[in-house]
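Take a first look at the sequence and the 3D view below. Then read on, one feature at a time.

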Amino acid sequence: MNTEKDFAPLTSNIVRALNDKLYEKRKVAALEIEKLVREFVAQNNTGQIKHVIQILSQEFALSQHPHSRKGGLIGLAACSIALGKDSGLYLKELIEPVLTCFNDADSRLRYYACEALYNIVKVARGSVLPHFNVLFNGLSKLAADPDPNVKSGSELLDRLLKDIVTESSKFDLVAFVPLLRERIYSNNQYARQFIISWILVLECVPDINLLDYLPEILDGLFQILGDNSKEIRKMCETVLVEFLKEIKKNPSSVKFAEMANILVIHCQASDDLIQLTAMTWMREFIQLAGRVMLPYSSGILTAVLPCLSYDDRKKSIKEVANVCNQTLMKLILPEDDGDHVRQIALPNHNGYTDESGSSCKNSSDQLNTSQDLATSNNSGVCVTIDRSRETLDLDGIVLVLDRHLHDTVTGMMTRIAILKWLYHLYIKTPRKMFWHTDGLFPMLLKTLSDESDEVILKDLEVLAEIASSPAGQTEGHDSSESIGTQNSQSELHIPISSSTPLNSSRPRTLECSPSTPTMNSYFFKFMINLLKQFNNEKSLLEIRGPFIIRQLCLLLNAENIFHSMAEILLREEDLKFASTMVQTLNSILLTSTELFQLRNQLKDLRTTESCNLFCGLYRSWCHNPVATVSLCFLTQNYKHAYDLIQKFGDLEVTIDFLTEVDKLVQLIECPIFTYLRLQLLDVENNPYLIKALYGLLMLLPQSKAFQLLSQRLQCVPNPELMRTTPSEKPTTSNRQVPSEIDYNELLQHFEKVQNKHLEVRHQRAGRNDQLERKLPL
């Protein structure tokens, strides 16, 4: 085989030396090959040049014998040196066999291959750029080579190739990006370091705009950012910082939408550096792109909301997430409340979905399809955007908010943020939001049991907005019919009164005084479900009940709240709960500063509206005798209060009953009843007030309350001393009894309600007796 004939034009001495195991002999052969090729170049004998390269490639570089492969590599390098500037014509034939040797099992051979390629590239310079991808692919493998000599050689070749790319203006970035996108997902640290170093170089080349292809590699960069090596993490962080600077300088050329979901994914990373970096990018994207980010709002909120409850260990992430949340919220405008947006209805968690939503589809012909409108962002840079891509993903947002609100591990600050979002959406897009209200309503009610007062306050704001928004007004049908088809745990039925109301001409669905603003169809639903919640969770009523009702009186109309609750309690079947609830409402009515205006309205029953309110409250207050008397004291119906106390003799006097009387006596001594105590001076015109107080005194056992009320009554002046002289005009402090109020009917109603309470207590006592007889001794 090793004859001159077989390898012509290579001489037998050259062939023998190329196959030798000694490097020095192979080097001598390479010098002979270089001399030979130079002669062919001088003769312009391209055929012989190609033949020499082919022999060195096929018979040596790709040989099975390792020494022959080494000889072939040094021979190919010699050919390239001899060709000089003409080597570009033969680069494919020169490079391919050398790159094949990169995969050789022998580390020395891989090193010689790297050395040979270095010499080929050094001679060819810019001519190698059309072959850049194959060179880069081979180098990326050598970068992770376990042999330090091979790695050192590859680094020299890598620096040379970077210099060539930096100097050239003919680099084909479009062809390179797919390879970069593939290699960037390597898990090898050295390969990652190699990739990052190249991205840094390409970023610095003025003629190469890598920003256009950032969506292709951004995910991979965040993957590398989580590397275990601090050096690689730092390099990757530097790359991302440079990219972000470039984005801020040229926002008009950035493909924000294509990178939004990538950031959403990495904003949820467990690695703090990845999460903080991704969240920082998200903040800049929202601020720079503005409403272009709206279609990705649900994903952004999925990533951002949990971060709002981070502790001080992740304070930086929490602060950036908070800015993202606030900025995103500001992007939602009233114009997003168009009819065309609704797509799906939020299912509630009892399996109910609003079927009426199937007829409401996204009407694409109503979308604003104007293209390329300029929008100014916070940085003052004009960004060209496509308005058709700014559609608010309201359904997705609500689903995310609802899911996080249901999650028991959701932190307090996150729950507050969720409720702020819901309130904001009901303000900005009320019509669309009411499609989701039936699904949200049960969870909003459940949130009233939250441990945090701040969460409850925000929850009440949302519920109050739902109950008062004009968008929630049921049109064309009764509110009870609109919910009658629901079959869920929170089913809302508006009861029909069995008694004749004072003003029966008004509909029973939203019984409100004409002096108060009318709430929407959800207001009464809210009141029903709130009372149901109090009944199901006694601890909620005891601990948070007054707080919740007082706040609602600030957020909504206090008269509407008390009037509606009174109507609902009037038909409450659980009489014990009705009595407890009336006691709570009465205490709030008499003591809360939020109810000052309502108390003043009830003090003087001079209008039909105030009389209607009194009668509405009275009928429900009858569930609690002492509360009924206190309501009469508040409204200065002293004669009726005395008549009621006369009926107390027929009632079952219990410890709880006496405790309530005790509390009423304490209230009489409070500032709220100052006017009542002053009226004790006018004995002649207020005899029933004194009789009523004496009646309470006779009910009380010898206690502190008894002594307190007794001392107060001892201060009542002698009527003879207070009698006016004939020359003085008689006082007319006593009000005229309003003709609208039928006190006999009210007294009969009181007796009827109390008889019902007595009957229930007797039934309960009978069941207890039967149970005791069944129990073994």
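At the start of H6, which side-chain oxygen reaches to within 3.0 Å of the backbone nitrogen of Arg 108? The oxygen belongs to Asp 106. Keep in mind that this is a predicted model.

Helix H6 covers residues 107-124, which makes 18 residues. At 1.5 Å a residue, H6 should span 26 Å. Just after H6, Arg 125 takes a positive phi of about 50 degrees.

Several residues of H6 are buried, among them Leu 109, Tyr 112, Ala 113, Ala 116, Leu 117 and Ile 120. Arg 110 and Cys 114 are on the list of buried residues too. An α-helix has 3.6 residues a turn, so residues three or four places apart point the same way. Look for that pattern when you turn the model.

Which helices do the buried residues of H6 pack against? They are helix H2 (23-42), helix H4 (66-83), helix H5 (91-101), helix H7 (132-142) and helix H8 (148-167).

## Salt bridges

How many salt bridges does a search of the whole structure find? The search finds 27. One of them joins the side chains of Arg 233 and Asp 271, at 3.2 Å from N to O. This pair links distant parts of the chain, 38 residues apart. Arg 233 is in helix H12 (residues 230-249). Asp 271 is in the loop between helix H13 (256-266) and helix H14 (272-289). Arg 233 has 19% relative accessibility. It counts as buried because the cut-off is under 20%.

The side chains of Arg 431 and Asp 337 also meet in a salt bridge, at 3.5 Å from N to O. Here the partners are 94 residues apart. Arg 431 sits in helix H19 (residues 430-433), while Asp 337 sits in the loop between helix H16 (315-330) and strand E1 (373-376). Arg 431 is partly exposed, with a relative accessible area of 46%. Asp 337 is buried, at 7% relative accessibility.

A further salt bridge joins Asp 311 and Arg 313, at 2.6 Å from N to O. Asp 311 is partly exposed, with a relative accessible area of 36%. Arg 313 is exposed, with 74%. Salt bridges can also form a network: Lys 248, Arg 283 and Glu 284 are linked in this way.

## The largest pocket

The largest pocket holds about 920 Å³ of space. It is lined by 29 residues. The closest to its centre are Ser 579, Thr 580, Gln 583, Asp 656 and Glu 660.

Which elements give two or more residues to this lining? They are helix H24 (538-543), helix H27 (575-591), helix H32 (655-668) and helix H37 (743-774). H27 gives the most, with nine residues.

## Backbone exceptions

Most residues other than glycine have a negative phi, and most peptide bonds are trans. Some places in this model depart from that. The peptide bond from Ala 8 to Pro 9 is cis, with omega near 15 degrees. Pro 9 is in the segment before helix H1 (12-18).

Asn 44 has a positive phi, near 60 degrees. Its place is the loop between H2 and helix H3 (46-61). Gln 636 also has a positive phi, near 65 degrees. Gln 636 lies in the loop between helix H30 (625-634) and helix H31 (638-647). Is each of these residues buried or exposed? Asn 44 is exposed, at 62% relative accessibility. Gln 636 is buried, with a relative accessible area of 17%.

## A buried leucine

Now find Leu 693, in helix H34 (residues 687-699). Leu 693 is buried, at 0% relative accessibility. What does it touch, not counting residues up to four places away in sequence? Leu 693 touches Phe 633, Ile 668, Leu 676, Leu 680, Leu 709 and Leu 713.

Leu 693 and Tyr 638 are 55 residues apart in sequence. In space, their C-alpha atoms are 9.5 Å apart.

Definitions and conventions
Residues numbered from 1 in each chain as written. Predicted model: local features only at pLDDT ≥ 70, side-chain atom pairs only at ≥ 80, totals over all residues. Heavy atoms only, no water. Salt bridge = Lys/Arg side-chain N within 4 Å of Asp/Glu carboxyl O. Helix = DSSP H or I, 4+ residues; strand = E, 2+ residues; numbered from the N terminus. Buried < 20%, exposed > 50% of the residue type's maximum accessible area, 1.4 Å probe, protein only. Expected span 1.5 Å × (residues − 1). Contact = heavy atoms within 4.5 Å. Polar contact = N/O pair within 3.5 Å; in protein donor to acceptor, adjacent residues only side chain to side chain. 1 Å grid on protein atoms, 1.4 Å probe; cavity = no way out; pocket = protein on both sides within 12 Å on 5 of 7 lines; lining within 4 Å. Points joined across faces, edges and corners; volume = space filled by probe spheres on them.
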